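This briefing covers one protein chain. The sequence and structure come next, followed by short notes grouped by topic.

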Amino acid sequence: MSRLISRILLAVFLLPLSAMVYLAVFVPMSVRMLWLPSGRFIPWFGAGLAAWTFMAIYWWLLWRGSIRWSRRRIGLSFGFAFPALLVAGTIGYLLGQREEEFGCFMGSALAPLLWIVSTIFLWRETAAERKERLHAAGHGAVVCPTCGYNLTGLTTTRCPECGGQLTLDELIAAQPARESRELE
């Protein structure tokens with residue numbers, strides 16, 4: 001199994017594992033808080049914080065080697081936590097107007113999910129990073145113009161990653177950093 005496939009599978013397990021962390025914190029806290037009428041929001045907050053911490057660490061450990069870290073990316077990764085919390089809190093408050101417990105659950109569970117979605121867009125490889133990565137991989141590398149998969153060494157022009165089928169001329173013409181003299 002390739003590293004990318006194993007990372008994708010591990011990413012799929014992030015949500016069920018996070019739900020287990022949420023429940024493992026929420027249930028004991030809610031049982032202990034039954035006698036504390038003013039502490040009815042503490043289990044929701046504690047479970048949400050535990051799940052978010054788990055998700056952030058798990059997500060970072062999963063993708064840390066694949067991301068080109070810059071000060072901007074690191075700052076925005078932390079910075080997107082506040083808007084995620086604000087949006088989730090607003091949605092939780094609005095839903096809590098009708099059903100308080102459901103609003104608390106949604107507010108505490110939605111914040112880490114919104115943060116994960118923001119990191120997906122923030123951590124994506126830029127066009128410049130992709131070009132540099134392909135250049136570093138080798139000037140002679142032939143890559144799929146659709147998905148960027150390295151096709152060097154294959155005997156067909158069909159990409160095994162995305163299934164794209166190109167003619168040899170189309171494949172050569174679509175290569176990054178190819179000069180016009182190579183196409184003549």
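Setting aside neighbours within four places in sequence, Arg-7 is in contact with Leu-62, Trp-63 and Ser-66, where contact means heavy atoms within 4.5 Å. The model is predicted: local features need pLDDT of at least 70 and side-chain atom pairs count only at pLDDT 80 or more, whereas totals for chains, interfaces and linings use all residues. Residues are numbered from 1 along each chain as its sequence is written, and side-chain values use heavy atoms, with hydrogens and water left out.

**Arg-7**

- Arg-7 has its place in helix 1 (residues 3–12); helices (H or I, at least four residues) and strands (E, at least two) are DSSP runs, numbered from the N terminus.
- With a relative accessibility of 16%, Arg-7 counts as buried; buried means under 20% relative accessible area, exposed over 50%, and partly exposed in between, using a 1.4 Å probe and protein chains only.
- Arg-7 and Leu-62 are 55 residues apart along the chain, and their C-alpha atoms are separated by 6.5 Å.

**Chain as a whole**

- The protein chain has nine helices and zero strands.
- Along the sequence the pattern reads α-α-α-α-α-α-α-α-α.
- Of the 184 residues in the protein chain, 28% are buried.
- Among contacts in the protein chain with a separation of 6 or more, 58% are between residues 24 or more positions apart.

**Nonpolar cores**

- A nonpolar core is a set of buried Ala, Val, Leu, Ile, Met, Phe, Trp, Tyr and Cys residues joined through side-chain atoms within 4.5 Å.
- In soluble globular proteins, nonpolar side chains tend to be buried together.
- The largest nonpolar core has 17 residues, of which Leu-14, Trp-59, Leu-62, Trp-63, Trp-115, Ile-116 and Trp-123 touch the most other members.
- Two or more residues of this core come from each of helix 3 (42–63), helix 5 (81–96) and helix 6 (100–122).
- Helix 3 gives the most to this core, namely six residues.
- Trp-59 is in contact with Ala-11, Leu-14, Trp-115, Ile-116, Thr-119, Ile-120 and Trp-123, leaving aside neighbours within four places in sequence.
- Another core, of six residues, lies apart from the largest one, and Phe-26, Trp-44, Ala-47 and Cys-104 are among its members.

**Helix 4 against helix 5**

- Two packed helices are described by the angle between their axes and the distance between the axes.
- The axes of helix 4 (residues 71–79) and helix 5 come within 4 Å and cross at roughly 20°; axes are lines fitted to C-alpha atoms, for helices over the stretch in contact, and angles run from 0 to 180 degrees between N-to-C directions.
- Helix 4 and helix 5 are therefore roughly parallel to each other, since angles under 35 degrees count as roughly parallel, over 145 as roughly antiparallel, 65 to 115 as roughly perpendicular and the rest as oblique.
- Helix 4 makes the contact with Ser-77, Phe-78 and Gly-79, and helix 5 with Ala-81, Phe-82 and Pro-83.
- The residues of this contact divide into four nonpolar, two polar and no charged; Ala, Val, Leu, Ile, Met, Phe, Trp, Tyr, Cys and Pro count as nonpolar, Asp, Glu, Lys and Arg as charged, and the others, Gly among them, as polar.
- Leu-76 is also found in helix 4 and is partly exposed, with a relative accessible area of 29%.
- Leu-76 and Trp-123 are 47 residues apart in sequence, with 9.8 Å between their C-alpha atoms.

**Residues of helix 6**

- Ser-108 lies in helix 6 and is buried, with a relative accessible area of 12%.
- The side chain of Ser-108 reaches the backbone oxygen of Phe-105 at 3.0 Å.
- Not counting residues up to four places away in sequence, Ser-108 touches Tyr-22, Trp-44 and Gly-48.
- Glu-100 also lies in helix 6, but is partly exposed at a relative accessible area of 35%.
- Glu-100 touches Arg-40 and Phe-41, not counting residues up to four places away in sequence.
- Between Glu-100 and Phe-41, 59 residues apart along the chain, the C-alpha atoms are separated by 9.7 Å.

**Ile-42**

- Ile-42 is found in helix 3 and counts as partly exposed, at 38% relative accessibility.
- Ile-42 and Met-29 are 13 residues apart in sequence and 7.7 Å apart in space, C-alpha to C-alpha.

Note on methods. A polar contact is a pair of N or O atoms within 3.5 Å; within protein, one must be able to donate a hydrogen and the other to accept it, and residues adjacent in sequence count only if both atoms are side-chain atoms.
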